[in-house]
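Hi,

Here's the structure I said I'd pass on.

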Amino acid sequence: MTRADVVAERRAYLEGGLADVACWRCGACVRAGKRSPQQTSVQWTVRAGRDCATLAAADAAGRPRALVPTCPDLRDSIDRAAREGRLEVA
Ligand SMILES: [Zn+2]
């Protein structure tokens, strides 16, 4: 990753009100934020897409990614982060 990439990522992070959340199971790290308790936005990085066991399994099964927008373990991790106050509900 170049320095410019880091700066751009940092800016997106600050503007989006998103926080890094790692999946407790596969360790895939995404940016997540909540606009309300019910609504969660998740930004997958290319790296997380590769790291996530659930998405990898979907790929292996030939299922298109759009049908597997997030992995349930990651969802757990995000909910937990929100409960523990590590995610800002904007
Ligand atoms: Zn996962």
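In sequence, the donor residues of the zinc ion follow the spacing C-x2-C-x44-C. C26 sits in the loop between β1 (19-22) and β2 (29-34), and C71 in the loop between α3 (53-60) and α4 (72-83), so this pair ties together parts that are 45 residues apart in sequence. The protein donors are the SG atoms of C23, C26 and C71, and they lie 2.4 to 2.7 Å from the zinc ion. Donors here are N, O and S atoms within 2.8 Å of the metal (3.2 Å for Na, K and Ca), and water is not among the atoms, so sites may look incomplete.

Before you read on: this is a predicted model, where local features need pLDDT of at least 70 and side-chain atom pairs count only at pLDDT 80 or more, while totals for chains, interfaces and linings use all residues. Residues are numbered from 1 along each chain as its sequence is written, and side-chain values use heavy atoms, with hydrogens and water left out.

How covered are the cysteines? C71 is buried, with a relative accessible area of 0%, whereas C26 counts as partly exposed at 23% relative accessibility. (Buried means under 20% relative accessible area, exposed over 50%, partly exposed in between, with a 1.4 Å probe and protein chains only.)

On to the fold. The chain has four helices and three strands, and along the sequence the pattern reads α-β-β-β-α-α-α. Helices (H or I, at least four residues) and strands (E, at least two) are DSSP runs, numbered from the N terminus.

The three strands make an open sheet in the order β1-β2-β3, with antiparallel pairing; two strands pair if DSSP finds at least two bridges between them. β1 and β3 (40-43) are the edge strands, each pairing on one side only. From one strand to the next, the twist averages 40°.

Four bridges join β1 to β2, with A22 opposite C29 and V21 opposite V30. These two strands form a hairpin with six residues between them, and G27 in the turn has a positive phi of about 80°. Another four bridges join β2 to β3, where A32 stands opposite V42; this hairpin has five residues between its strands.

What packs on the sheet? Contact means heavy atoms within 4.5 Å; axes are lines fitted to C-alpha atoms, for helices over the stretch in contact, and angles run from 0 to 180 degrees between N-to-C directions.

β2 is mostly covered, with five of its six residues buried. V30 belongs to this strand and is buried too, at 1% relative accessible area. Leaving aside residues up to four places away in sequence, V30 touches A19, D20, V21, V42, Q43, W44, A48 and L74. V30 and V42 are twelve residues apart in sequence and 6.7 Å apart in space, C-alpha to C-alpha.

Finally, some totals. Of the 90 residues in the chain, 28% are buried. Among contacts with a separation of 6 or more, 44% are between residues 24 or more positions apart. The accessible surface of the chain is about 5900 Å², with 52% of it belonging to carbon and sulfur atoms; accessible areas come from the Shrake-Rupley method with a 1.4 Å probe, and for residues, only the protein chains shown count as cover.

Cheers
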